[in-house]
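Please look at the sequence and the model first, and then read on.

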Amino acid sequence: MPKLKIAPSILSANFADLRGELRKISNADLVHIDVMDGHFVPNITFGPLVVKAVKKETGIPLDVHLMIEEPAKFISDFISAGADLVSVHIEATKEKSLEIIEQIKSLRAKAGIALNPQTPLSAVEDIISEVDFVLLMSVQPGFAGQRFREEVIPKIKQLRREWKGDIEVDGGINRENYRDVIQAGANILVAASAIFSEACREGKEPQVIIKEMKDEGNKVWH
Ligand code: DX5
Ligand code: ZN
């Protein structure tokens with residue numbers, strides 16, 4: 001079985017002090033970086049320059065989630081900047097998805113295919129044997145801090161029955177529901193607000209939340 005991994009998303013970090021924020025998540029397994037272009041999703045975030053700056057500050061592998069149209073144009077820039085894992089959306093790549101997955105792998109990064117909550121698993125059945133991981137969105141992509149969509153739980157279970165690889169789940173994961181997400185079969189958990197903002201409000205350090213999610217998560221991960 002793949003290893004359980006916690007991937008804090010810097011979308012809820014303090015961008016004026018990314019160096020300090022990265023230190024706070026030094027026990028994370030991956031650093032999740034949400035790239036948005038204002039077209040595929042109604043928000044704009046980071047480009048390759050920010051990925052490059054983050055790479056200089058941490059040895060933790062960078063998990064770059066591309067929520068952009070025409071990702072093929074930017075893949076080599078993100079990988080040169082330091083992306084170790086790159087996911088692209090099936091809704092943005094459609095019939096070019098296999099070509100793009102091959103492009104990511106040829107540049108020696110791990111390739112993932114991402115699905116919006118309403119996109120069925122059948123949309124990726126032709127390419128799943130070629131990907132390194134599948135990212136199931138559990139919110140509509142675009143913003144941190146949204147509510148977890150329960151209807152994604154049966155989708156995680158179905159994918160786990162059919163596929164033994166890494167399953168990443170992204171959106172609305174918090175300290176109340178992460179065990180259910182793991183129990184359903186996910187092994188890479190992304191969390192932005194639960195690790196950066198909610199923890200802060202309670203006066204808890206992000207590292208403490210990450211450790212709790214890993215220790216408790218491993219008890220339910222089978
Ligand atoms: C949403 C992003 C997520 C987001 C998760 O479009 O892909 O990675 O940062 O944020 P939370 O954990 O707050 O839902
Ligand atoms: Zn994401």
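The model is predicted, so local features need pLDDT of at least 70 and side-chain atom pairs count only at pLDDT 80 or more, while totals for chains, interfaces and linings use all residues. Residues are numbered from 1 along each chain as its sequence is written, chains are lettered from A and ligands numbered from 1 in the order in which they are written, and side-chain values use heavy atoms, with hydrogens and water left out.

The zinc ion (ligand 2) is coordinated at 2.0 to 2.3 Å by His32 (NE2), Asp34 (OD), His65 (ND1) and Asp170 (OD), where donors are N, O and S atoms within 2.8 Å of the metal (3.2 Å for Na, K and Ca). Along the sequence, these donor residues follow the spacing H-x1-D-x30-H-x104-D. Because His32 lies in strand S2 (residues 31–36) and His65 in strand S3 (residues 62–67), the pair ties together parts that are 33 residues apart in sequence; strands (E, at least two residues) and helices (H or I, at least four) are DSSP runs, numbered from the N terminus.

## Surroundings of Lys214

Lys214 is found in helix H9 (residues 206–220) and is partly exposed, with a relative accessible area of 21%. Leaving aside residues up to four places away in sequence, Lys214 touches Leu4, Ile6, Asn27 and Asp29, a contact being heavy atoms within 4.5 Å. A polar atom of the Lys214 side chain lies 2.7 Å from the backbone oxygen of Asn27.

Note on methods. Buried means under 20% relative accessible area, exposed over 50%, partly exposed in between (1.4 Å probe, protein chains only). A polar contact is a pair of N or O atoms within 3.5 Å; within protein, one must be able to donate a hydrogen and the other to accept it, and residues adjacent in sequence count only if both atoms are side-chain atoms.
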